[in-house]
Amino acid sequence: MDGGVHNRPADAKQRRPELIGDEARGVQVNPQVPGDLVIAGGLSGDHVILSFGDAVDHLEKLAVPGGGKRGLLGTRPFEPLLAHKDKPVTGISYISGELAGLGNPTGQVDAVARMIDQAAQQGAVPPAMAADIRQFVDTVGRTFAKRLPLPGPWMAFSFLSEQGYEGYAWDWTRNQPWDGSRRLDLLEHVGGAPLAAVVSRMKSDPALLDEVSRLAAGGWSLFKKHGLTVIDADDRATVEAFDEHVAPLGPKLLDVMRTKLVPALADGQVGLVLDAKGKTERIQADLPASAAPLPVIEPAIVLPLDDPKLFREGLSDLFALSDELVAALREMDADGVPEGYRVPEPEKAKVEAGSVWSFPLAKSGLDEQFRPAIGVGAETAVFSLAPKQAGRLLAGARLETGAQLSTFQEPLAGAATLDFAGLVDAIQPWIVYFTRYGCVQQRDGVVDADEPLTAEDETPEAKEALAHIAVALEAAKCLRAAVSETTTTEEATVTHWRNVIRDMPPRK
């Protein structure tokens with residue numbers, strides 16, 4: 001049955017798309033939707049089609065009976081899929097360049113400019129203020145226009161593989177920031193067998209820091225010129241005190257970054273690591289201990305060093321600048337910073353691959369093994385919440401997580417690896433711990449930090465719930481590991497991902 005088109009202008013085209021064809025059955029159009037929105041559903045062969053739009057004409061682009069060049073499969077974005085057409089495909093996704101362009105930041109900047117013009121025309125903003133804001137917005141737009149991605153089509157598909165699932169995502173967005181010209185050697189400093197790691201390399205942009213700093217200075221000047229006139233006297237005094245005492249430290253910070261930190265990190269790689277090598281029975285003094293040690297999730301940021309000496313000098317300058325900041329805040333507000341307070345000196349420890357500076361959090365009650373830390377080696381810098389992890393990541397190690405799927409040896413713009421089963425194993429003890437905590441809280445109304453939490457604290461309902469959760473988590477561990485690799489070509493960015501899935505062992 002062919003459905004008519006309702007609530008449409010009289011001169012609108014109302015032909016049946018070739019996609020629907022003679023085999024189409026059960027096409028329904030909702031006549032209750034106002035305006036030009038048409039909701040259509042039907043069958044083409046063995047496929048169900050549901051469409052939302054101002055007509056049904058666009059459906060002919062999805063497929064053409066018998067093939068041909070008029071459907072989506074005949075367009076450039078779908079050429080990579082045709083190379084895998086014999087694979088057992090499980091899913092296909094597509095976004096056109098036109099749709100991707102709807103979120104273009106350039107259009108958002110233009111929209112802000114139009115809002116300012118309208119506000120000025122309506123008298124909501126004084127003309128002088130509107131002119132200055134419009135000029136600043138135009139400057140922001142010009143500064144970032146050359147760096148903004150140029151939207152293009154995106155297409156992804158997946159298929160069954162011998163080990164699990166595999167897939168590709170092709171992105172034709174241009175002017176991307178990724179650099180895929182070299183191997184990601186930072187992967188050798190993610191700890192060997194982390195729960196998860198993501199490493200990417202960005203293109204060098206030496207002018208970006210200065211341009212952003214000029215924009216920040218321009219925005220601050222604009223606020224002082226026009227913003228101070230619309231805030232109350234107390235807030236104005238606070239802003240003026242900040243401008244007198246704290247703002248002058250901005251150029252000093254910029255100088256440290258420009259002359260030391262940025263040159264020391266010129267390679268452009270950055271890595272994010274998630275691990276759980278640390279163990280604790282009591283992560284915080286006010287919490288009860290666990291009957292069994294708990295794994296501690298340890299996030300870290302890893303950066304490659306082009307000049308370790310320059311990087312250490314930059315860190316020393318930042319520590320010195322922190323003392324100046326404390327003094328400036330005290331001058332700004334004498335009661336805002338306790339008398340005699342200064343930023344604590346970090347504790348330095350030598351490790352096999354370099355040095356680790358850590359910052360004790362004496363009043364936090366946290367386990368002593370967990371504190372902010374910065375590790376610096378001959379090739380790498382690490383920012384972590386655990387000094388032991390920082391030292392471990394400084395030392396190079398062959399990447400084992402996901403090694404059954406990839407060696408990550410070729411030039412890449414990005415790479416990611418995940419030990420999903422290990423992540424589940426790290427989370428499960430915490431589920432048990434907090435379930436027992438809740439049981440004690442419900443039973444006694446308060447949880448004694450001096451009494452360890454054990455299986456005896458579990459109520460019958462909690463035991464049953466934990467048993468069900470254990471089965472669900474064991475099933476989730478069928479996904480053992482996953483990796484992805486991103487490469488760049490002259491026209492597209494290509495991400496290739498794979499995973500390993502194993503059936504649950506039979507019950508004994």
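Colleague: Which strand does Ser484 lie in?

Modeller: In this predicted model, Ser484 lies in strand E15, residues 479-488.

Colleague: Why is Ser484 called buried?

Modeller: Its relative accessible area is 18%. Buried means under 20%, so Ser484 is classed as buried.

Colleague: What is Ser484 in contact with, leaving aside its neighbours within four places in sequence?

Modeller: Phe408, Gly414, Ala415, Ala416, Thr495, His496 and Trp497.

Colleague: How many aromatic pairs does the count come to?

Modeller: The count is 11 aromatic pairs. One of them joins Trp170 and Trp172.

Colleague: What makes the pair of Trp170 and Trp172 stacked?

Modeller: The ring centres of Trp170 and Trp172 are 5.7 Å apart, and the angle between the planes is 25°. Centres within 6.5 Å make a pair and planes under 30 degrees apart count as stacked, so both conditions hold for Trp170 and Trp172.

Colleague: Are Trp170 and Trp172 buried or exposed?

Modeller: Both are buried.

Colleague: Why is the pair of Phe319 and Phe359 called edge-to-face?

Modeller: For Phe319 and Phe359 the values are 5.8 Å centre to centre and 70° between the planes. The distance is within 6.5 Å and the angle is over 60 degrees, so the pair is edge-to-face.

Colleague: Which parts does the pair of Phe319 and Phe359 tie together?

Modeller: Phe319 lies in helix H8 (residues 308-332), while Phe359 is in the loop between strand E11 (354-358) and strand E12 (373-377). The pair therefore ties together parts that are 40 residues apart in sequence.

Colleague: Why is Phe319 called partly exposed?

Modeller: Phe319 has a relative accessible area of 29%.

Colleague: Which residues do ring pairs link into a cluster?

Modeller: Phe157, Phe159 and Tyr168.

Colleague: How do you know that Phe52 is exposed?

Modeller: The relative accessible area of Phe52 is 55%. Exposed means over 50%, so Phe52 qualifies. Phe52 has its place in strand E3, residues 47-53.

Colleague: Which residues form a nonpolar patch on the surface with Phe52?

Modeller: Leu37 and Leu50 form the patch with Phe52, and together the three have about 330 Å² of accessible area.

Colleague: What share of the chain is buried?

Modeller: Buried residues make up 37% of the 508 residues. The chain has 11 helices and 16 strands, and exposes about 28,800 Å², of which carbon and sulfur atoms supply 58%.

Notes:
Residues numbered from 1 in each chain as written. Predicted model: local features only at pLDDT ≥ 70, side-chain atom pairs only at ≥ 80, totals over all residues. Heavy atoms only, no water. Phe/Tyr/Trp six-rings, centres within 6.5 Å; stacked < 30°, edge-to-face > 60°. Buried < 20%, exposed > 50% of the residue type's maximum accessible area, 1.4 Å probe, protein only. Helix = DSSP H or I, 4+ residues; strand = E, 2+ residues; numbered from the N terminus. Contact = heavy atoms within 4.5 Å. Patch = residues over 30% accessible without salt bridge, like charges linked within 9 Å, V, L, I, M, F, W, Y side chains within 5 Å. Areas by Shrake-Rupley, 256 points an atom, 1.4 Å probe, with all protein chains shown as cover. Salt bridge = Lys/Arg side-chain N within 4 Å of Asp/Glu carboxyl O.
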